[in-house]
Structure formats: C-alpha cells, structure tokens
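I opened my notebook to go through one model, entry by entry. Here is what I looked up.

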Amino acid sequence: MSGVAAAAVPSKFVTFLNHPAGPKTIFFWAPLMKWCLVAAGLKDLNRPADKLSVSQNVALACTGFIWVRYCFVITPINHSLAAVS
C-alpha cells in the first residue's frame with residue numbers, strides 16, 4: 001500500500017498484512033481451509049457410532065500427524081495450521 005491508503009490503515013493491520021504468514025501467503029489460507037474439514041467433521045457428532053467411517057477417521061488422523069510435523073519444519077513455523085491439524 002502507498003499514499004493515502006497507507007496513511008489511513010493502522011500500522012498493526014499493515015504489519016499483519018505484510019507478515020510472512022499473513023493473508024497474502026498460503027500460510028494463512030491453508031489453516032483457514034482446513035477448518036472447513038473440522039466443520040464438516042462436526043456433523044458426525046450426531047451420527048450413531050456404528051455409522052462412522054473408520055477408514056475416513058484413520059485417514060484424517062494420519063494427515064493430521066503429517067501436517068503437524070510439516071508445520072514445525074517449514075519457515076515460518078505455522079502454528080495455526082498445526083493447531084487445526
């Protein structure tokens with residue numbers, strides 16, 4: 001941002017926008033999209049236990065472990081993606 005727009009935006013918001021894991025990067029959008037999977041999984045809370053898919057839950061757990069490990073080895077460390085995984 002430059003000019004009048006930069007003067008009108010508070011500096012903390014500009015810092016957030018330009019952060020290495022801010023909304024201009026995949027480090028922001030990946031956790032946001034992964035929360036959609038969590039929301040979809042909340043539907044299963046009302047489903048009877050015998051109707052739950054074991055293979056789906058195992059696959060979700062495995063990808064969670066993989067993504068948590070990945071979140072801590074990349075730069076910048078992505079705590080928000082690790083939390084949702």
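Entry 1: I looked up I26 and found it in helix α3, residues 26–41. Helices are DSSP runs of H or I with at least four residues, strands are runs of E with at least two, and both are numbered from the N terminus. I26 counts as exposed because its relative accessibility is 59%. My cut-offs were these: buried is under 20% relative accessible area, exposed is over 50%, and partly exposed is in between, with a 1.4 Å probe and protein chains only.

I noted what I was working with. This is a predicted model, where local features need pLDDT of at least 70 and side-chain atom pairs count only at pLDDT 80 or more, while totals for chains, interfaces and linings use all residues. Residues are numbered from 1 along each chain as its sequence is written, and side-chain values use heavy atoms, with hydrogens and water left out.

Entry 2: the patch. Which residues form a nonpolar patch on the surface with I26? I found W29, L32 and M33; together the four have about 410 Å² of accessible area. Such patches take residues with over 30% relative accessible area and no salt bridge, joining nonpolar side chains (Val, Leu, Ile, Met, Phe, Trp, Tyr) within 5 Å and like charges within 9 Å. A salt bridge is a side-chain nitrogen of Lys or Arg within 4 Å of a carboxyl oxygen of Asp or Glu. Areas come from the Shrake-Rupley method with a 1.4 Å probe; for residues, only the protein chains shown count as cover.

Entry 3: K34. Is K34 buried or exposed? K34 counts as buried, because its relative accessibility is 13%. K34 is also in helix α3. Leaving out residues up to four places away in sequence, K34 touches L81, V84 and S85. A contact means heavy atoms within 4.5 Å.

Entry 4: the rings. I searched the whole structure and got four aromatic pairs. F28 and W29 make an edge-to-face pair, because their ring centres are 4.9 Å apart and their planes stand at 90°. W67 and Y70 are also an edge-to-face pair, at 5.4 Å centre to centre and 85° between the planes. Rings of Phe, Tyr and Trp (its six-membered ring) pair if their centres lie within 6.5 Å; planes under 30 degrees apart are stacked, over 60 edge-to-face, and the rest tilted. W67 and Y70 are about one helical turn apart, because they sit three residues apart in helix α4. I found F28 partly exposed at 27% and W29 partly exposed at 39%. Ring pairs also link F13, F16, F28 and W29 into a cluster.

Entry 5: S55. I placed S55 in helix α4, residues 54–73. S55 counts as exposed, at 55% relative accessibility.

Entry 6: a bond to check. The peptide bond from T75 to P76 is cis, with omega near 0°. Most peptide bonds are trans. P76 lies in the loop between α4 and α5, the latter at 79–84.

Entry 7: the whole chain. I counted five helices and zero strands. Of the 85 residues, 18% count as buried. The chain exposes about 6,500 Å², and carbon and sulfur atoms supply 70% of that. Among contacts with a separation of 6 or more, 40% join residues 24 or more positions apart.
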